[in-house]
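Look over the sequence and the structure first, then read the points below.

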Amino acid sequence: MIKRIQNKVAESRLTLPVTMTYSIVIWLLAGLIKENWWIQFSCFLLAVYLMLLLNNENVLVRVYSRSVSSTYAILFCMAVSLMPSVSGAIINLLIIVSLSLLYRCYQDKCSPGLTFYSFLCLGIASLVDIRIFLFLPVYWVTMMIFMYSFSLRTFMASLIGLVTPYWMTGAWYLIWGGGQSLIIQHFSDLKNIELSFSYSTIVLPQMLLVGFILVLFLIGAIHFIITSYQDKIRVRQIYYHFMLLAVYSTLLIILQPQLYDIALLYLIIAVSPIIGHFFTLSCSRFSNIMFLVSIGLALILTAYNLWSSSSIS
């Protein structure tokens with residue numbers, strides 16, 4: 001197989017260190033020191049490491065490559081609007097851990113323990129943002145169709161995992177005056193979600209970012225479907241889940257623009273392995289050109305998002 005620029009970069013041991021150096025520069029330019037985003041930045045570094053572990057544990061790319069974690073870092077740094085949010089940073093970590101635990105349940109319908117901890121992460125995340133519950137159907141569909149781990153035991157374990165954080169915090173809320181009203185108000189946020197096509201909350205840089213990610217996702221997904229016979233069945237199932245999660249997140253952004261932030265977190269996590277797989281394992285002239293163009297566009301869009309965020313503030 002001819003080694004093109006994209007393959008050499010994807011398989012190089014310098015790719016991740018260079019990407020992380022680039023990411024640190026972007027965080028500094030975005031306001032890391034000025035705005036004291038140390039918690040968010042620490043969560044970002046840990047998220048990149050968790051994506052690295054996710055790749056290694058599941059062999060998402062069948063050759064040595066750090067393209068998955070590097071792609072994640074680059075895409076996240078493009079989404080400058082996500083950087084200031086502490087809650088978003090915490091939810092991001094919990095999502096990655098939850099998915100990692102879910103994938104360990106592959107073909108194991110007697111895995112209530114791992115299922116419990118996977119959904120416990122979602123339950124904790126829902127304490128921060130109740131809208132995380134909107135992604136529960138994707139998890140259960142994944143257990144049934146892709147992971148083959150759905151059973152009465154694992155389903156009950158998932159429910160217990162979701163409820164456990166509320167058991168622990170519910171008593172504390174009820175002790176304090178107005179605790180019951182706080183719990184009711186927390187869940188009432190789900191009622192406020194209505195079908196809306198008002199995109200006034202999404203600015204141009206955010207639209208361009210989503211468009212850029214979706215174009216790469218479509219190309220990467222098509223490439224994977226065509227060449228999936230070369231991967232193990234378990235890896236295929238995980239990638240099909242990534243595709244489902246990406247499509248679902250995109251639909252939420254289209255139908256519920258107010259869910260942009262949380263849906264974008266899922267979209268970046270789901271699309272990063274697909275893009276990394278495409279650029280690492282394809283070797284055509286088209287993919288090589290796409291790689292160079294994508295790097296250029298990523299730099300331009302990141303600079304534009306930095307400029308837009310600084311001009312808004």
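Which residues form one aromatic cluster? Trp27, Trp37, Phe41, Phe44, Tyr72 and Phe76 do. The model is predicted. It holds 23 aromatic pairs, 0 disulfides and 1 cavity of 30 Å³ or more.

**Aromatic pairs around Trp140**

- A pair of aromatic rings is described by how far apart the centres are and by the angle of the planes.
- Phe119 and Trp140 form a stacked pair, because their planes meet at 20°, under the limit of 30 degrees, with the ring centres 6.1 Å apart.
- This pair links distant parts of the chain: Phe119 belongs to helix H6 (residues 112-128) and Trp140 to helix H7 (residues 136-146), 21 residues apart.
- Both Phe119 and Trp140 are buried.
- Trp140 also forms an aromatic pair with Phe155, and that pair is tilted, with 5.6 Å from centre to centre and 55° between the planes.
- Phe155 has a relative accessible area of 26%, so Phe155 is partly exposed.

**A charge over a ring**

- Arg13 places its charged end over the ring of Tyr64, at 4.3 Å from the ring centre.

**Cysteines**

- The structure holds 0 disulfides.
- For Cys105, the closest cysteine sulfur is in Cys110, and the two sulfurs are 11 Å apart; a disulfide needs them within 2.5 Å, so this is too far for a bond.
- Cys105 counts as buried because its relative accessibility is 1%.
- Cys283 has a relative accessibility of 27%, so Cys283 counts as partly exposed.

**The largest cavity**

- The volume of the largest cavity is about 70 Å³.
- Residues that line the largest cavity include Gln40, Cys43, Leu82, Met83, Asn92 and Leu265.
- Trp27, Phe44 and Phe76 are among the lining residues, and Trp27, Phe44 and Phe76 also belong to the aromatic cluster.
- Which helices each supply at least two residues of the lining of the largest cavity? They are helix H3 (38-58) and helix H5 (86-103).
- By type, the lining of the largest cavity has 8 nonpolar residues, 4 polar residues and no charged residues.

Technical notes. Residues are numbered from 1 along each chain as its sequence is written. This is a predicted model: local features need pLDDT of at least 70, side-chain atom pairs count only at pLDDT 80 or more; totals for chains, interfaces and linings use all residues. Side-chain values use heavy atoms; hydrogens and water are left out. Rings of Phe, Tyr and Trp (its six-membered ring) pair if their centres lie within 6.5 Å; planes under 30 degrees apart count as stacked, over 60 as edge-to-face and the rest as tilted. Helices (H or I, at least four residues) and strands (E, at least two) are DSSP runs, numbered from the N terminus. Buried means under 20% relative accessible area, exposed over 50%, partly exposed in between (1.4 Å probe, protein chains only). A charge sits over a ring if NZ of Lys or CZ of Arg is within 6 Å of the ring centre and within 35 degrees of the ring normal. On a 1 Å grid over the protein atoms alone, a cavity is a set of points where a 1.4 Å probe fits but cannot get out, and a pocket is an open set with protein on both sides within 12 Å along at least five of seven lines; lining residues have an atom within 4 Å of a point. Grid points are joined across faces, edges and corners, and a volume is the space filled by probe spheres set on the points. Ala, Val, Leu, Ile, Met, Phe, Trp, Tyr, Cys and Pro count as nonpolar, Asp, Glu, Lys and Arg as charged, and the others, Gly among them, as polar.
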